[in-house]
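Thanks for coming. I will take one structure today and go through its surface, its helices and its charged pairs. Please have a look at it first.

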Amino acid sequence: MKNFSQLNQFLSENKQRTLLYLKKTFPALSGDDSEDVYQDSSIALYLNILNGKLTTLTSSLYTYFLRICINLSLKMLNKRSRMITVAIGDGGTGCKAIPNDVLEYAMLANDDGDPLLQEENCENLVETIVGEMSEQCRHLLIGRYVEGLSWSSIAKKCGLANADTAKSIACRYRKKVREKYQSLAKRV
């Protein structure tokens, strides 16, 4: 790739082909998830070219790009398998899924040995955090990780400029929620 326009042309020409491949290979991914994987893979390819990592290829550029897509798809699916559903309150618009590692952390932080009590403590912590979330935080995180909405849909729903803005803000919120959870879990 000698310039950005050649890379852009390559990505444009291979977009539908790649999305079709992802749909066939990973049926658990939604169309929006496949789009996210494609976009993230495009950025990774661009950065690899920019950083000089692609001086010698042993396969075609498309095969290399497809490998990036496959790896990111697998990462996304692995993240999902690490989620546990937790009912909160009366089943309203609360957070309904939390990562396994957060749940395990809460379990390890509580040494009284009663699994039901530990699960109740975990639910109480999550309920406390959800109650303290700003409305925007709740819409972003629940929209994406509970309802499975695309970043572009969430951006429209929250009145944000675009999908990248929604994703960036959600990442910051997710980090704050994780820190808050860990802080509260230490006190229990």
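Before I start, one definition: buried means under 20% relative accessible area, exposed means over 50%, and partly exposed is in between, with a 1.4 Å probe and protein chains only. This is a predicted model, so local features need pLDDT of at least 70 and side-chain atom pairs count only at pLDDT 80 or more, while totals for chains, interfaces and linings use all residues. Residues are numbered from 1 along each chain as its sequence is written, and side-chain values use heavy atoms, with hydrogens and water left out.

First, the overall picture. The protein chain has eight helices and two strands; these are DSSP runs numbered from the N terminus, helices being H or I with at least four residues and strands being E with at least two. Read from the N terminus, the order is α-α-α-β-β-α-α-α-α-α. Of the 188 residues in the protein chain, 35% are buried. The accessible surface is about 11500 Å², and 53% of that belongs to carbon and sulfur atoms. Those areas come from the Shrake-Rupley method with a 1.4 Å probe, and for residues only the protein chains shown count as cover.

Now the helix pair H1 and H2. Helix H1 covers residues 4–25, and helix H2 covers residues 31–50. Their axes come within 10 Å and cross at roughly 145°. The axes are lines fitted to C-alpha atoms, for helices over the stretch in contact, and angles run from 0 to 180 degrees between N-to-C directions. Residues making the contact include Phe4, Leu7 and Phe10 of H1 and Val37, Tyr38 and Tyr46 of H2. Contact here means heavy atoms within 4.5 Å.

Which residues form the nonpolar patch on the surface? They are Phe4, Ile43, Tyr46, Leu47 and Leu50, with about 490 Å² of accessible area together. A patch takes residues with over 30% relative accessible area and no salt bridge, joining like charges within 9 Å and nonpolar side chains (Val, Leu, Ile, Met, Phe, Trp, Tyr) within 5 Å. Helix H2 gives the largest share, four residues. Phe4 lies in H1, and Phe4 counts as exposed because its relative accessibility is 54%.

Next, the charged pairs. A salt bridge is a side-chain nitrogen of Lys or Arg within 4 Å of a carboxyl oxygen of Asp or Glu. By this rule there are four salt bridges. One of them joins Glu35 and Lys15, with the closest N and O atoms 3.4 Å apart. Glu35 lies in H2 and Lys15 in H1, so this pair ties together parts that are 20 residues apart in sequence. Glu35 is partly exposed at 32%, and Lys15 is partly exposed at 27%.

Is Arg144 buried or exposed? Arg144 is buried, with a relative accessible area of 12%. Its side chain meets Asp33 in a salt bridge at 3.5 Å, N to O. Arg144 lies in helix H6 (residues 135–145) and Asp33 in H2, so that pair links parts 111 residues apart in sequence. Arg144 also meets Asp36, at 2.8 Å, N to O. Here the parts tied together are 108 residues apart, because Arg144 lies in H6 and Asp36 in H2. Salt bridges that share partners join Asp33, Asp36 and Arg144 into one network.

Last, Asp36 itself. Asp36 is buried, at 9% relative accessible area. Leaving out residues up to four places away in sequence, Asp36 touches Met76, Arg144 and Trp151.
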